[in-house]
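Me: Could you walk me through this structure in plain terms, one question at a time?

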Amino acid sequence: MPRDHKTPQIQKIAKQACITYRVLKSSADVADSQSELISPVTTVRPADLKIAPRKSKPSSGAARLQSPPVTYMYICETEVFSMGVFLLRPGASIPLHDHPDMNGNLRSC
């Protein structure tokens, strides 16, 4: 099978994140630089990360309790940024909280 030589979307995001966060010196710079990340982050899809919905729903309440409400999928980490995906079961949530001196981009699918 021929290989597709197109750069994966997640690699484009990682490259832009590295560029954006490596050169930041102040919080004012963050807002301007993060705009460069908005486009690739908004276009990434679960399929780009090989994430697919479960084929069947748990048949019993006990089976549902065995799967965690939130799972974290590690993508990569450098000295400049870290990247990961939170996978939430339907109805699950992550409490609002603060990460002082950190910046981030979020996408919900």
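Me: How confident is the predictor in the protein chain, and what is the mean pLDDT?
Reply: This is a predicted model, in which local features need pLDDT of at least 70, side-chain atom pairs count only at pLDDT 80 or more, and totals for chains, interfaces and linings use all residues. Residues are numbered from 1 along each chain as its sequence is written, and side-chain values use heavy atoms, leaving out hydrogens and water. pLDDT is the predictor's confidence in each residue, from 0 to 100. In the protein chain, 78% of residues reach 70 or more, and the mean pLDDT is 79.

Me: What pattern does the protein chain follow along the sequence?
Reply: Helices (H or I, at least four residues) and strands (E, at least two) are DSSP runs, numbered from the N terminus. The protein chain has three helices and two strands. Read along the sequence, they give the pattern α-α-α-β-β.

Me: Which residues does phenylalanine 81 touch?
Reply: Phenylalanine 81 is one of the core residues that touch the most other members. A contact here means heavy atoms within 4.5 Å. Leaving out residues up to four places away in sequence, phenylalanine 81 touches Ala14, Ala17, Cys18, Tyr21 and Cys76.

Me: Is tyrosine 74 buried or exposed?
Reply: Tyrosine 74 sits in strand E1. Together with Tyr72, Phe86, Leu88 and Ile94, it makes a nonpolar surface patch of about 520 Å². Such patches are made of residues with over 30% relative accessible area and no salt bridge, with like charges joined within 9 Å and nonpolar side chains (Val, Leu, Ile, Met, Phe, Trp, Tyr) within 5 Å; areas come from the Shrake-Rupley method with a 1.4 Å probe, and for residues only the protein chains shown count as cover. Because its relative accessible area is 52%, tyrosine 74 is exposed.

Me: How far apart in space are threonine 71 and valine 85?
Reply: Threonine 71 lies in strand E1 and touches Val85, Phe86 and Leu87, not counting residues up to four places away in sequence. In sequence, threonine 71 and valine 85 are 14 residues apart. In space, C-alpha to C-alpha, they are 8.3 Å apart.

Me: Which residues meet in the salt bridge?
Reply: A salt bridge is a side-chain nitrogen of Lys or Arg within 4 Å of a carboxyl oxygen of Asp or Glu. The search of the whole structure finds one. At 2.9 Å, N to O, the side chains that meet are those of arginine 45 and aspartate 48.

Definitions and conventions: A nonpolar core is a set of buried Ala, Val, Leu, Ile, Met, Phe, Trp, Tyr and Cys residues joined through side-chain atoms within 4.5 Å. Buried means under 20% relative accessible area, exposed over 50%, partly exposed in between (1.4 Å probe, protein chains only).
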